[in-house]
Amino acid sequence: MRITIIHGQSHQGSTCHIARSLAEKLDGEVTEFFLPRDFGEFCTGCTACFVESERKCPHFEKLAPITEAMDRADVLILASPVYVYHATGAMKAFLDHYGWRWMVHRPEEKMFSKQAVCISTAAGAGMKSTNRDMADSMFFWGVAKTYQYGVAVMETSWERVSEKKKKSVEKKLGSMARKIKAGQGCVKPSVKTRFLFSVMRQMQKRGWNQADAGYWRGKGWTEKKRPWRA
């Protein structure tokens, strides 16, 4: 199992620890990236990725190692501490660069057989909205199954988190890891994902823009082929 972790911060605190702990339980080959250390550019809003090609993005080459690692992975882990009730700015800036991969444009077919986990921690609250910031992209990329785990650690460092809380976290991560392993190689997109794909397919048959329509036709998705079928 190949795992790619995208950390929404460059320091290694509670969120980082939990993401790594899950990866260890999955017992796979792990690749990690830390934002903004490994990618810290903001989307310029040029729209070139939508109307021409993602390769026209001024940050395409910088982003390429992360894109390639995500495409190779079986499991994606996006981890962000809560910053003012949402994901970090670095995580948001990172996800902004993949608008072209949303189903309305040019989704990557590998995503339809992947699993993902969105992890967030806070001293108090805001985990639900933070996970949603990341899970939205997972859904619109077409990821087959996305888990969300948020936990109030009640501290600002993992070392000071209570042993009771740590044991609770480990128990929940163990349960999640078992589910992910069970889904490895056989997970399928939800009915909701397939319905959205069907709506997008009709739009692409009528033509959205040349780059998107050509991509869908090239994949055979405007006919009978589907990205979740062998």
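Me: A salt bridge requires a side-chain nitrogen of Lys or Arg within 4 Å of a carboxyl oxygen of Asp or Glu. What makes the contact between D38 and R37 a salt bridge?

Reply: This is a predicted model, in which local features need pLDDT of at least 70 and side-chain atom pairs count only at pLDDT 80 or more, while totals for chains, interfaces and linings use all residues. Residues are numbered from 1 along each chain as its sequence is written, and side-chain values use heavy atoms, with hydrogens and water left out. The closest N and O atoms of D38 and R37 are 3.2 Å apart, which is within 4 Å, so the contact qualifies.

Me: Why is D38 called partly exposed, and why is R37 called exposed?

Reply: Buried means under 20% relative accessible area, exposed over 50%, and partly exposed in between (1.4 Å probe, protein chains only). D38 has 29% relative accessibility and is therefore partly exposed, whereas R37 has 55% and is therefore exposed.

Me: What makes the contact between E163 and K166 a salt bridge?

Reply: The N to O distance between these side chains is 3.8 Å, which is within 4 Å, so E163 and K166 form a salt bridge. Both residues lie in helix α6 (residues 163–183), three residues apart, about one turn of the helix; helices are DSSP runs (H or I, at least four residues), numbered from the N terminus.

Me: How do you know whether K166 is buried or exposed?

Reply: K166 has 15% relative accessibility, so K166 counts as buried.

Note on methods: Helices (H or I, at least four residues) and strands (E, at least two) are DSSP runs, numbered from the N terminus.
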